[in-house]
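Please look over the structure below. A short report follows.

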2 protein chains.
Amino acid sequence: MSVVLPSWFDPGDERAARVVWSRIAEPGDLVAARFVAGRGPAAALRLVLEAESSRVEVQQRWRARLAATDPRRDLGILRRLGGRVLVPGDEEWPDPLDDLGERRPFCLWVRGPGHLGALTARAVAIVGARASTDYGDGLATELAFGCAERGICVVSGAAYGVDAAAHRGALSAAGGTIAVLACGVDRPYPRVNLDLIEQVAAAGLLVSEVPPGCSPTRNRFIHRNRLIAALGGATVVVEAGWRSGASITASEAAGLGRAVGAVPGPVTSAASAGCHRLLRTGAVCVTRVGEVAELVDPLGAVEDERPILPRAVHDDLPEVDLRVLDALPLSRPAPESSLATVAGLDAAALASSLGRLELLGLARPGPGGWRRGPHPRQD
Amino acid sequence: MSVVLPSWFDPGDERAARVVWSRIAEPGDLVAARFVAGRGPAAALRLVLEAESSRVEVQQRWRARLAATDPRRDLGILRRLGGRVLVPGDEEWPDPLDDLGERRPFCLWVRGPGHLGALTARAVAIVGARASTDYGDGLATELAFGCAERGICVVSGAAYGVDAAAHRGALSAAGGTIAVLACGVDRPYPRVNLDLIEQVAAAGLLVSEVPPGCSPTRNRFIHRNRLIAALGGATVVVEAGWRSGASITASEAAGLGRAVGAVPGPVTSAASAGCHRLLRTGAVCVTRVGEVAELVDPLGAVEDERPILPRAVHDDLPEVDLRVLDALPLSRPAPESSLATVAGLDAAALASSLGRLELLGLARPGPGGWRRGPHPRQD
């Protein structure tokens, strides 16, 4: 029995075939991925198109969507939005996605002025709770701002809460940011973040593996996390509940050999429970943007962001001098004989120590013996 | 030249010799420790007593204190306080201290009804910032209370802040607690914690390696930390500044092969900076008493303190059913043909999935097709 192939099918156009596969197979359909990888996108698609209905069950589930499929229409919608489709091998294709192996998407639907390959050469995923607190939102914004300032692209999911704060932080620094959507790039979700998502589309990139018109389903949310994890060179979780999508992204990142950071918070805050769980299972504790940058550039120059502390004058003293310092009275002077007893030193060692301490202004000789110098005692 | 030995010296009394060594050598004096270890306490002491002054410099530093030394007086003070001296080999001697090797103290000056050996068989050091916040104090009290309830003794340093809160928590649970002091057990420090320290002496134990009358010097504070770390089977830090004694205790514990835990806090709190630093260098993130107990009893039954969360009805659904659930409209019913397209399933797979969902109350058939069941959608 001969089958009439649809007019849009071109057996020589692998790119068009990938576009069709992104429509007929759900994200996470590994059978489809292996089928396409084994035969090539167009040849695999032809087998589905030519299959007698109900002969091969697994192919039937892709055929169910074929009637409504028209890649020319999908590409037309995308073009009107100024978008483009990327397939593996394209100059703009992000190499980090190849780490997904057979879970690599068929293609990416992309909108925005950014160059996906260039942006993901140095990128971090900053993700977290939808039900975030001001603490989490503030930190996500601050860390994303700092990353963007350092030329690190911020990848997130455009969700409420931490995701949105991360995109905002990167945009504030006029830095690169990528929103990976679980729906078509023509129908931003959630709607309440519409303005933000359009700003990302105007300054950075919107990315999705599903074609225009697709709604964000639970399955697509789950598999979207692997794209966020793969596009970031590291993943940082800022607030996450005990069960959360951010934790899935973190475990995807770990599975890909990417560094995972988690921002601690009060143990009394349910919004940080997922972060603490991650810290207990190997995530790196991250408290400052420099520590995020270290995860992304592990071999780069590590910034020393140690808080600048006033050094105590006794910090570098040898232990013997510390003991003499401890023995020195604050007010009434003590003779060297009693200082030797208190400090447990012989006369010669005491004398040389007192000399060093006097030079530092820590000991003061006078009638009746020695006492503390003008430097205040700091405990 | 013959030397007159002091009347208190008995060459056969190793215990009395250790008492003298604890007076004439400062904590941390490894030369004294090795000298005593090599010759035995009494023989080593005799060598010091007989040394011609200024002949052997290192012995001179111990001689400096000999004139003021009288072990009978020190022991008398202790007895009047109801205390006792412990030396290695005593039935009450805490074996964990032997892990210190040559840094083991000569003896311990002890006050209180507790049995040091028994208490330290299952103990945790809970230490932290003097400049703690209500958050840190609250957590220290809570964790110590929970440990005491579980029969785990709480070891700390009786300092302001976290230490005091830890002792208070253990006392509230009528549990064992040990305060390791940097001064003599007859002169509690800090004075502001006098009531608390007396409560510890009445219900638990005060412990010091320096004799009665000794003041708390910087050197003694530093070396005191090793005793806290060694007496605890694990060390947990609850709030600590970037530089802190608690961090020293933590690194002593790590050096002894003990587990180290740190309680996270807001990254915006300077009082948690030391804890986050510890988390970045290998400490275990600790948020609940069960996690502290795990550090102390790593092979014991791990308590499952996972927060009890309402399970979403779709948690255990196979992916194919999730896809159908996502495809089901909330209000206007959809025919099976369109559901198959949206979900990407063939007719047979769709029908069996709808059957399962209907049983769970997640799908509802009716005129015109299927829609969501009465269970609300939870995203």
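At what angle do helix α14 (residues 319-327) of chain B and helix α15 (residues 336-343) of chain B pack, and how far apart are their axes? They pack at about 120 degrees, with the axes 9 Å apart. Axes are lines fitted to C-alpha atoms, for helices over the stretch in contact, and angles run from 0 to 180 degrees between N-to-C directions. α14(B) and α15(B) are therefore oblique to each other. Angles under 35 degrees count as roughly parallel, over 145 as roughly antiparallel, 65 to 115 as roughly perpendicular and the rest as oblique.

B:R323, B:V324 and B:A327 of α14(B) meet B:L339, B:V342 and B:A343 of α15(B). Two residues are in contact if their C-beta atoms, placed from the backbone, lie within 7 Å. By class, this contact has five nonpolar, no polar and one charged residues. Ala, Val, Leu, Ile, Met, Phe, Trp, Tyr, Cys and Pro count as nonpolar, Asp, Glu, Lys and Arg as charged, and the others, Gly among them, as polar.

This is a predicted model: local features need pLDDT of at least 70, side-chain atom pairs count only at pLDDT 80 or more, and totals for chains, interfaces and linings use all residues. Residues are numbered from 1 along each chain as its sequence is written, while chains are lettered from A and ligands numbered from 1 in the order written.

Now to the sheet. Nine strands of chain A form an open sheet in the order β1-β2-β6-β5-β4-β3-β7-β8-β9, with mixed pairing. Strands pair if DSSP finds at least two bridges between them. Helices (H or I, at least four residues) and strands (E, at least two) are DSSP runs, numbered from the N terminus. The edges are β1 (84-86) and β9 of chain A. Strands β2 (residues 108-111) and β6 (residues 205-208) of chain A run antiparallel, joined by three bridges. A:V110 stands opposite A:V207 in β6(A).

| Helix | Strands touched | Angle |
|---|---|---|
| α7(A) | β3, β4, β7 and β8 of chain A | about 175 degrees with β3(A) |

Next, the two chains together. 41 residues of chain A are in contact with 41 residues of chain B. On the chain A side, 21 are nonpolar, nine polar and 11 charged.

Last, the domains. Chain A is assigned domain 1 (14-69), domain 2 (95-296) and domain 3 (319-372). These bounds come from an automatic or database domain assignment. The C-alpha centres of domain 2 and domain 3 of chain A lie 60 Å apart.
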